[in-house]
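Here are my notes on the charged residues, plus a word on a greasy bit of surface. Have the structure open while you read.

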Amino acid sequence: MSFPIVRHRRLRQSAGMRNMVRETVLNVNDLIMPIFVTYGQGVKNEISSMPGIYHFSLDTLKAEVDEIVALGIPAVLLFGIPETKDSVGTSAFVEGGIVQEATRLIKGWYPDLLVVADTCLCEFTDHGHCGMVHTFEVDGHIHGDVMNDESLELLTKTAVSQAKAGADIIAPSNMMDGFVQAIRTGLDEAGFAHVPIMSYSVKYASAFYGPFREAADSAPQFGDRKTYQMDPANAREALREAESDVLEGADMLMVKPALAYMDIIRTLKDQFDLPLVAYNVSGEYSMVKAAAMQGWISEKAIVQEMLTGMKRAGADIIITYFAKDVARWMQER
């Protein structure tokens with residue numbers, strides 16, 4: 001063959017060679033493991049649409065946290081299922097709320113494990129929306145408007161109560177306009193200027209959230225969330241949302257979901273210099289689990305490829321229900 005000829009395969013000829021020139025490496029320190037906490041005694045109930053993921057009561061939580069720490073995972077993301085719900089999500093911000101109680105326990109057991117508190121109202125409101133709602137009836141059907149500015153006060157109260165309980169990171173997921181500024185101001189005034197905000201900056205109104213709605217018992221009782229979560233067809237809007245959060249004081253940005261939004265992850269990585277989080281959401285998890293249970297795919301290979309793709313696209317941190325599995329596979333190397 002005539003010269004020059006490029007031999008790309010030279011750098012692929014052995015596992016050692018491939019490992020040496022690998023451009024993107026997934027590390028256990030990239031991972032955050034979500035946990036669902038609930039009231040009751042002796043509760044460890046598997047979520048039917050999310051095999052391997054459970055609801056934990058506070059008395060069964062330690063075994064789960066022990067395992068997470070033993071695997072070297074540096075952080076957990078807490079979601080709470082309250083004992084009671086009301087129209088303003090009071091259980092989200094009371095001192096004895098389920099997330100607050102779980103946070104105190106975890107920080108007592110493992111002070112160095114980072115606790116990320118999801119800051120939203122949807123799990124705590126009886127209507128299932130992420131803020132205060134003005135409801136009205138039209139032709140016998142209940143409709144509602146999610147009130148933006150009125151919701152900010154409640155979200156700020158929630159964030160401050162979570163920080164008081166010991167949360168290391170506040171992660172507001174409500175997509176109300178101005179939520180980062182409101183929460184930053186509230187945290188600073190309450191003496192928590194050191195607590196960072198991991199903003200759900202670009203959160204799409206996605207069909208991939210279906211299993212989570214069961215896990216968190218947070219499905220809207222009327223309407224949907226399309227007036228505050230983003231249209232999946234929009235990319236330029238993601239830049240506007242992220243820029244607002246940067247200007248308002250966010251410390252980390254997030255794209256949610258991840259798998260169908262790799263282009264958005266890359267776009268934000270190129271435009272902003274803050275740490276970027278990708279949320280590998282419940283529907284993405286459940287699809288892989290279902291296919292693997294049928295024997296159609298190799299779960300380990302698919303998950304590693306999928307999460308590596310998220311990191312290659314630009315994610316610095318990945319929230320994933322596969323975190324324990326991935327950490328375990330890393331220890332087997």
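1. A salt bridge here means a side-chain nitrogen of Lys or Arg within 4 Å of a carboxyl oxygen of Asp or Glu. Keep in mind that this is a predicted model. By that rule the structure has 15 salt bridges.

2. Start with the network. Salt bridges link Glu64, Glu67, Lys289, Glu299, Lys324, Asp325 and Arg328. The next two points take a pair each from this group.

3. Lysine 324 pairs with glutamate 67, and their closest N and O atoms sit 3.1 Å apart. This one joins distant parts of the chain: lysine 324 belongs to helix α11 (residues 323-331) and glutamate 67 to helix α2 (residues 61-70), 257 residues apart. Are the two partners buried or partly exposed? Lysine 324 counts as buried because its relative accessibility is 13%, while glutamate 67 is partly exposed at 31%.

4. Glutamate 299 bridges to lysine 289, with 2.9 Å between the closest N and O atoms. Glutamate 299 is in helix α10 (residues 299-313) and lysine 289 in helix α9 (residues 282-293), so the bridge ties together parts that are ten residues apart in sequence. Lysine 289 has a relative accessible area of 13%, so it is buried.

5. Now for a lysine with no bridge. Lysine 203, in strand β9 (residues 198-203), is buried but has no salt bridge. How far away is the nearest side chain of opposite charge? That is aspartate 118, at 6.0 Å, and a salt bridge needs the atoms within 4 Å. What does the side chain of lysine 203 reach instead? It reaches the backbone oxygen of serine 173, at 2.9 Å. Leaving out residues up to four places away in sequence, lysine 203 touches Ser173, Met175, Tyr209, Gln229, Met230 and Lys256.

6. Last, the greasy bit. Leu11, Met20 and Val21 make a nonpolar surface patch of about 300 Å². Valine 21 is part of helix α1 (residues 15-21), and its 36% relative accessibility makes it partly exposed.

Definitions and conventions. Residues are numbered from 1 along each chain as its sequence is written. This is a predicted model: local features need pLDDT of at least 70, side-chain atom pairs count only at pLDDT 80 or more; totals for chains, interfaces and linings use all residues. Side-chain values use heavy atoms; hydrogens and water are left out. Patches are made of residues with over 30% relative accessible area and no salt bridge: like charges are joined within 9 Å, nonpolar side chains (Val, Leu, Ile, Met, Phe, Trp, Tyr) within 5 Å. Accessible areas come from the Shrake-Rupley method with a 1.4 Å probe; for residues, only the protein chains shown count as cover. Helices (H or I, at least four residues) and strands (E, at least two) are DSSP runs, numbered from the N terminus. Buried means under 20% relative accessible area, exposed over 50%, partly exposed in between (1.4 Å probe, protein chains only). Lys and Arg count as positive and Asp and Glu as negative; His and the chain ends are not counted. A polar contact is a pair of N or O atoms within 3.5 Å; within protein, one must be able to donate a hydrogen and the other to accept it, and residues adjacent in sequence count only if both atoms are side-chain atoms. Contact means heavy atoms within 4.5 Å.
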